Amino acid sequence: MDDTVFLGIESSCDDTAAAIVTGDRRILSSVVSGQTDLHADFGGVVPEIAARAHAERLDLCVEQALDQAGLRLSDLNGVAVTAGPGLIGGVMSGVMCAKGIAAGAGLPLIGVNHLAGHALTPRLTDGIDYPYLMLLVSGGHCQFLRVDGPQDFTRLGGTIDDAPGEAFDKIAKLLALPQPGGPSVEAEAALGREGRFDLPRPLLDRPGCDMSFSGLKTAALRLRDQLIAEQGGLRQSDRQDLCHAFQTAVAEVLAEKSRRALALSPAPVLAVAGGVAANQTIRAALEHVAAAAGAAFLAPPLRLCTDNGAMIAWAGIERFRAGQQDGMDLIARPRWPL
Ligand code: KG4
Ligand code: ZN
């Protein structure tokens, strides 16, 4: 039994989060304060607005996380914080908050790579062993990682332009559907007809695990404009059929590239993380690919797939166990490849 207790702090994008996690994989609390409403009018996350909101909310989130866990700062064994990559104003707010707590309470400080936080989540949720293959698909990221240890990641490929979540959000925007686009496009797609539109499968004809989603978005835009020009507007069924075609194309690309990643680097488990992993069609396609390769498929619960403090606390515990910690010179990094 490992009774190490860590506070994890996350503020690299548009969620302010704090959580308390134990070394034996118990999540004692996980508080996430989203900012979707603050950015709704702007069609994307506005870095300055995000940074201000993080600075205002971090204290409260940490306090709530401690309260819900029934703990005080003196009960902790360490503080882990996302030190990048991400929107720099938000990352700085989190790092400064963590430094203050670590210095004030005399606790070890551990800087965590946000991507490592996502990538190590299946070890927190399911206790799986290394190695495994991780497909990280969110609004900001899309990559295949072979995970061999808490600091041992090999990138097998990833998007060369947009992340799939970003593409879902843009498709929603051009069809005047509510944001975030993923869930609204998925709901429309469920009512769409198979085979009415055929969108491209970018990079599928090229070897390797790299992906591209911006061409798909441009093709959808052209199709929309063509329909508007021909009909004078979009019908409900046009939206549904377009969403269906788009989602089918994304699922097919992710599935085929996952098949290749598993062939290139066989692993007992294919795990996913990131908001796009919520999509049922995409999940089903990946599950199918994993089964065909003889691998188990693992999708952590959605609240732990999207940005949260628990994954940061856990990644901090893994680094701490490996004997690593940071000093007060820990810096916030906008870019930080694994
Ligand atoms: O992981 P996440 O919460 O934030 C980061 O990007 O780090 O992912 C958010 C993204 C958004 O782009 C959202 O549209 C997408 O995940 N998303 C989905 C679904 N639910 C959320 N995409 C496809 N289908 C969904 N059901
Ligand atoms: Zn993330």
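This report describes the domains, annotated sites and selected elements of one predicted model.

## Basis of the description

Residues are counted from 1 along each chain as its sequence is written, while chains are lettered from A and ligands numbered from 1 in the order in which they are written. Because the model is predicted, local features need pLDDT of at least 70 and side-chain atom pairs count only at pLDDT 80 or more, whereas totals for chains, interfaces and linings use all residues.

## Domains and their contact

The domain assignment, whose bounds come from an automatic or database source, divides the chain into domain 1 (5–126 + 307–321) and domain 2 (139–301). The C-alpha centres of domain 1 and domain 2 are 28 Å apart. Across the boundary, 15 residues of domain 1 are in contact with 15 residues of domain 2, contact being defined as C-beta atoms, placed from the backbone, that lie within 7 Å. On the side of domain 1 that touches domain 2, the elements giving two or more residues are α4 and α11, and the largest share, nine residues, comes from α4. Helices (H or I, at least four residues) and strands (E, at least two) are DSSP runs, numbered from the N terminus.

By class, this side of domain 1 has seven nonpolar, five polar and three charged residues, where Ala, Val, Leu, Ile, Met, Phe, Trp, Tyr, Cys and Pro count as nonpolar, Asp, Glu, Lys and Arg as charged, and the others, Gly among them, as polar.

An unreviewed UniProt entry places the feature "domain: Gcp-like" at residues 27–314. Over residues 27–314 the chain is 51% helix and 17% strand, with its end C-alpha atoms 9 Å apart.

For "binding site", UniProt (unreviewed entry) lists His114, His118 and Asp307. These residues span 194 residues in sequence, yet no two of their C-alpha atoms are more than 8.8 Å apart, so they gather at one spot. UniProt positions follow the numbering used here, feature names are shortened, and annotations may be inferred rather than shown by experiment.

His114 belongs to helix α4 (residues 114–126) and counts as buried, with 26 C-beta neighbours inside 10 Å; a residue is buried if 20 or more other C-beta atoms lie within 10 Å of its own, exposed if 12 or fewer, and partly exposed in between, with C-beta atoms placed from the backbone. Leaving aside neighbours within four places in sequence, His114 is in contact with Ser12, Thr82, Gly84, Pro85 and Gly86. Asp307, by comparison, sits in the loop between α10 (302–305) and α11 (310–321), and with 28 C-beta neighbours inside 10 Å it too counts as buried. Not counting residues up to four places away in sequence, Asp307 touches Glu10, Cys13, Asp15 and Ala17.

## A second listed site

The unreviewed UniProt entry also lists under "binding site" a set of residues including Leu136, Gly139, Asp169 and Asn279. Leu136 is placed in strand β6 (residues 132–137) and is buried, with 25 C-beta neighbours inside 10 Å. Not counting residues up to four places away in sequence, Leu136 touches a set of residues among them Leu115, His118, Ala119, Ala273 and Gly274.

Gly139 lies in the loop between β6 and β7 (142–149) and counts as buried, with 25 C-beta neighbours inside 10 Å. Leaving aside neighbours within four places in sequence, Gly139 is in contact with Ala163, Gly165, Glu166, Asp169 and Gly275.

The 13 residues of helix α9 (residues 280–292) should span 18 Å at 1.5 Å a residue, and the end C-alpha atoms are 18 Å apart, which agrees; the expected span is 1.5 Å times one less than the number of residues. The buried residues of α9 are Ile282, Ala285, Leu286, Val289 and Ala290. They cover an arc of only 135 degrees around the axis, which puts them on the same side of α9, the arc being that of the directions from the helix axis to the C-beta atoms. On the other side of α9, Gln280, Ala291 and Ala292 are exposed. The buried residues of α9 pack against α8 (236–264), β9 (269–273) and β10 (296–298), and just after α9, Gly294 takes a positive phi of about 75 degrees.

Phe297, in strand β10, is partly exposed, with 18 other C-beta atoms within 10 Å. Not counting residues up to four places away in sequence, Phe297 touches Leu270, Leu286, Glu287 and Ala290.

Note on methods:
Contact = placed C-beta atoms within 7 Å.
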